[in-house]
Amino acid sequence: MAKKALVTGASEGIGYVFAKRLAAEGYEVTAVARNEVKLKSLTEALGGKHNYLVADLSTKEGQERVANALTVGRFDLLVNNAGVGTAGTFTEVALEKQLAMLRLNCEAVVRLCYAFLEKAKSGDALINVSSTLAFLPMPGLGLYSATKSFVTAFSETLWYEQKDKGVFVMDLCPGITSTAFQTNAGGKSFETPKSLTQTPEVVVENAIRGLNSRKHPTLISGSKNSMFASLSRLMSRRSTVSVMARMGATK
C-alpha cells in the first residue's frame with residue numbers, strides 16, 4: 001500500500017514542488033490550497049490516485065476541513081507549508097490582514113499538527129515549513145518573522161516529544177527562495193543576493209534528505225543560509241535587526 005502525504009500550500013512554490021517530489025517518491029498526495037483551478041492542474045499532472053482539498057487555512061472553517069481529513073484519513077506524512085507574509089511596518093498594514101496571517105502561519109499549523117500527531121504511528125513524519133527569518137527578525141516583515149520564530153520553537157519541542165514514539169518532526173527553514181512570496185506579501189521590490197537565492201526544487205531536495213536521515217529537528221536549507229542565520233549568534237540583537245532592516249529596505 002502506498003504511503004499517503006498531505007501537503008498544504010500546494011498550488012505554487014515550495015508546496016507545489018513538495019507535492020510533485022513526494023508523488024515521484026511513491027506517495028499518494030493530497031494537495032491543499034485555496035485555488036481549485038491550480039489544484040486540479042497539479043493533481044492531473046501528477047496522475048494516479050492523487051487528491052486535492054480546497055481550503056482557506058486562515059479561516060476556522062478551512063482549518064477544520066483539513067484537520068478532519070487528517071483525523072478521518074490515514075497519512076504517513078504531513079507537510080505544513082502554507083504560509084503568507086505581510087510587508088510593511090506594523091502600523092502601516094491593516095490589523096485584520098495581520099491577524100489572518102497569524103491564523104494561517106500559527107493557528108493552522110497548531111491545529112493540523114494536533115490532528116496529525118493524535119493518530120501518528122512509529123515511522124510517520126511531520127514537516128513544518130518555517131524560515132531563516134525565524135532567527136533573523138526583519139523590520140517590515142516583523143510579524144511574519146515572529147510567526148516563523150513560533151513555528152521553529154514549536155516544531156523543535158514537538159521533535160523532542162515525539163522522537164521516542166518513532167515519529168519524526170522536522171522544522172524546515174528555507175532562506176530566500178525564487179517563489180511569488182514577495183509579490184504575494186505586497187512588499188517593496190528589492191534585489192536579493194543571487195548567491196543566497198535557492199529554487200524551490202533545491203529546498204525540497206534538502207528537505208527530502210533531512211526526512212530520510214531523520215537526524216536533526218531543524219534543517220536550514222543550504223550551507224550559505226546556515227551561515228546567514230548564524231548572524232544572530234555573532235552579532236548583538238541591535239546590530240542584527242539593523243542589518244536586516246537594511247536588507248529589507250526599511251528605515
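Start by selecting Cys113, which is buried, with a relative accessible area of 2% (buried means under 20% relative accessible area, exposed over 50%, partly exposed in between, using a 1.4 Å probe and protein chains only). What you have open is a predicted model, where local features need pLDDT of at least 70 and side-chain atom pairs count only at pLDDT 80 or more, while totals for chains, interfaces and linings use all residues. Residues are numbered from 1 along each chain as its sequence is written, and side-chain values use heavy atoms, leaving out hydrogens and water.

Next, the largest nonpolar core, which has 29 residues. A nonpolar core here is a set of buried Ala, Val, Leu, Ile, Met, Phe, Trp, Tyr and Cys residues joined through side-chain atoms within 4.5 Å. Select Phe18, Leu22, Leu77, Val79, Ile127 and Leu172, the residues with the most contacts inside this core. Among the elements giving two or more residues are strand 1 (4–8), strand 4 (77–80) and helix 7 (200–213); helices (H or I, at least four residues) and strands (E, at least two) are DSSP runs numbered from the N terminus. Helix 1 gives the most, with six residues.

Zoom in on Leu22. Leaving aside residues up to four places away in sequence, Leu22 touches Ala5, Val7, Tyr27, Val29, Leu77, Val79 and Ile208 (contact means heavy atoms within 4.5 Å). Then hop to a second, separate core of 25 residues, including Val66, Ala108, Val109 and Phe154.

Now show helix 1 with helix 7. They pack at about 55°, axes 9 Å apart; axes are lines fitted to C-alpha atoms, for helices over the stretch in contact, and angles run from 0 to 180 degrees between N-to-C directions. The two helices are therefore oblique to each other (under 35 degrees is roughly parallel, over 145 roughly antiparallel, 65 to 115 roughly perpendicular, the rest oblique). In helix 1, look for Phe18 and Leu22, and in helix 7 for Val204 and Ile208, all among the residues that meet here.

Last stop: helix 3 (residues 60–72) and helix 4 (residues 95–119), packed at about 20° with axes 8 Å apart. That makes helix 3 roughly parallel to helix 4. Residues making the contact include Val66 and Leu70 of helix 3 and Ala108 and Leu112 of helix 4.
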